[in-house]
Amino acid sequence: MCMALNTPASGKRKQRGGKEIWFLLVIARYDLDRHSSTKCEDVKPFTPEKAKEIVMSLQQPAVFCNMVFNWPVLHWNAKYLSEVLDGRTIRFRMGMKKGDTAPQFETKCSYVEATLEEFLAWTSGQPTSVSRPFSCYDSSEYWAYADYKYIARIFEDKTEIFKDIMWSDFGFPGRNGKESTLWIGSAGANTPCHLDSYGCNLVLQIQGRKRWHLFPPSNTTFLYPTRIPYEESSIFSKVNIVSPDLRHYPQFRKAQAHVVTLNPGQVLFVPRHWWHYVESVDPITVSINSWIELDADHKARVEEAITRTLVCAIKSAETPSHVDAWLNPTEVEATSHEINLQYLNGAISAYLEYQTVTVSEDRDPSTHDTEKEASSCKRRKIQVNTKPEDYKSETHEAGFTVVKAKKLEKIPFGVHLIPVLPQSQEASSVGAGAVESDSRDLLSENEEGHFGKSRCTGKQSVMSNDCETLADQTDSDSTANSSQMAISTNDLLDCLVNPQVITLVADLLLERERV
């Protein structure tokens, strides 16, 4: 047929026949392309194995597109969840939409127990008789946030709902809603800038949009880390990211934000130790996440145990009249010094045991290059009766599976995996609005834009590797506060439990134990 189309016509009828054949070929080709395109919509861009390789190799934030279009959890909007919870109350954190230059830490917020039905009535401006628990809060001035809700806890009597979340598509078999947390907020609801000590993070946006401000680990010095309020596994920044006080925190000028607005149906990957400030953009937002444990968490737990021991010991020694709200509401109580030491010894023992196992695996090629999976509990709470041997069993709990996870030399960035670039690069990039797209439904349409070429940096540590040091930060703080000569307990703690100092102490303790 193709040859006939390329030969000269031998008559009017034959010429017409050639055109008809050409037209039919075009139609057939169109139908084939359309059929292939339709089929592609049902095929995910990455296999579970490939997705996991990407997650384990990425050193910068990135957005996965077209990976969750068949997940039942996409129906989990606030109205649906209200019906499922059927009048059950959950706790909302209340904050001001117009704050000052200080971060709105959880210790400074008020709290409301309410149903999702009452929350929806409040956000839509219905009478206070319908949204009674929120009656003291004007929705134009306040935001509400039901943050960090363990799905396994709030749906404990509806366990069948767990399977609506399918993290197995990202290469983590068996991981579902049981290992995930739920976040429901109104416009303006936010999480103060912090980094998570443990694991990396996968976040799925379900309803509304959220804006993420992310900073690399090398920016830690510029973000003025603090452990007050204290919360296991969270290092907070003293800086209000959206309204920084540059007089007190001048080095924040050097911080390099990576900003992205996450749309429904997209999954954001947050690498280990990346700082992040998250804010709800739309009137109602719903998202879920799962923390993925990493081998590096073994040492991080030692560092957290040292931090807890120091913070609890020093803050508990303060004069009662001078004690501030130093313990985050997520922490049940300030544990005793004895319990904290037990926790520290247990963490060190678990780390050394892990090191022994790792060395033996390195000697046996058949077990080399693997990743261990565990539950997605970001904050491994300390039990009152914890013993060192109990802690070891916790870190090697049943349910761990060993899965191959080789590192990729080249990350397959494109329309299905979009890198979150530094803000300056994003503004000048050709496709800067790709992830922050229009209101098109990304569940049914492929995302065609992209941020352009990315720079995939090497692995970074929590500490800054440039010329900025802890001393620089301390000097700038003291200069800005020269009028305040008295050093407070919190000032002392900011130095004692600074991530750089804690890492050094952990190394010294572990070296002692190895001898």
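Analyst: Six strands form an open sheet in the order β9-β10-β6-β13-β8-β11, and their pairing is antiparallel. Its edge strands are β9 (225-226) and β11 (258-262), each of which pairs on one side only. Strands here are DSSP runs of E with at least two residues, helices are runs of H or I with at least four, and both are numbered from the N terminus. Two strands count as paired if DSSP finds at least two bridges between them.

This is a predicted model, in which local features need pLDDT of at least 70, side-chain atom pairs count only at pLDDT 80 or more, and totals for chains, interfaces and linings use all residues. Residues are numbered from 1 along each chain as its sequence is written, and side-chain values use heavy atoms, with hydrogens and water left out.

Start with β13, residues 275-280. Five of its six residues are buried, so the strand is largely enclosed by the rest of the structure. Buried means under 20% relative accessible area, exposed means over 50%, and partly exposed lies in between (1.4 Å probe, protein chains only).

What joins β13 to β6? Three bridges do, and the two strands run antiparallel. β6 covers residues 190-196. Within this pair, Thr191 faces Val278 of β13. Then take β8, residues 210-215. Six bridges join β8 to β13, again antiparallel. Here Arg211 stands opposite Glu279 of β13.

Thr226 stands opposite Phe236 in β10.

A further sheet has nine strands. It is open, with antiparallel pairing and the order β3-β2-β4-β5-β14-β7-β12-β1-β17. At its edges stand β3 (110-114) and β17 (417-419). Each has a single partner strand, so one side of each is left without a neighbour in the sheet. Neighbouring strands of this sheet are turned by 25° against each other on average, direction ignored. The axes behind such angles are lines fitted to C-alpha atoms, for helices over the stretch in contact, with angles from 0 to 180 degrees between N-to-C directions. Thr181 has Asn289 of β14 as its bridge partner.

Next come the charged contacts. A salt bridge is a side-chain nitrogen of Lys or Arg within 4 Å of a carboxyl oxygen of Asp or Glu. By this rule the count is 13. One of them joins Arg209 and Asp282, at 2.8 Å from N to O. Arg209 lies in the loop between β7 (200-207) and β8, and Asp282 in the loop between β13 and β14, so the pair ties together parts that are 73 residues apart in sequence. Arg209 is partly exposed, at 26% relative accessibility. Asp282 is buried, at 18%.

Another salt bridge pairs Glu232 with Arg308, and their closest N and O atoms are 3.8 Å apart. Glu232 sits in the loop between β9 and β10, while Arg308 sits in helix α7 (residues 297-316), so the contact ties together parts that are 76 residues apart in sequence. Buried or exposed? Glu232 is buried, with a relative accessible area of 0%. Arg308 is buried too, at 3%.

Glu511 and Arg514 form a salt bridge as well, with closest N and O atoms 3.5 Å apart. Both lie in helix α13 (residues 499-514), three residues apart, about one turn of the helix. Glu511 is partly exposed at 45%. Arg514 is partly exposed at 43%. Salt bridges with shared partners also join Glu232, Arg308 and Glu331 into one network.

Cysteines are brief. The structure holds zero disulfides, a disulfide being a pair of cysteine sulfur atoms within 2.5 Å. Cys193 is buried at 2% relative accessibility. Cys136 is exposed at 66%.

Last, the surface. Ile487, Leu492 and Leu496 make a nonpolar patch of about 300 Å². Patches take residues with over 30% relative accessible area and no salt bridge; like charges are joined within 9 Å, nonpolar side chains (Val, Leu, Ile, Met, Phe, Trp, Tyr) within 5 Å. Areas come from the Shrake-Rupley method with a 1.4 Å probe, and for residues only the protein chains shown count as cover. Leu492 lies in helix α12 (residues 489-496). Its relative accessibility of 43% makes Leu492 partly exposed.
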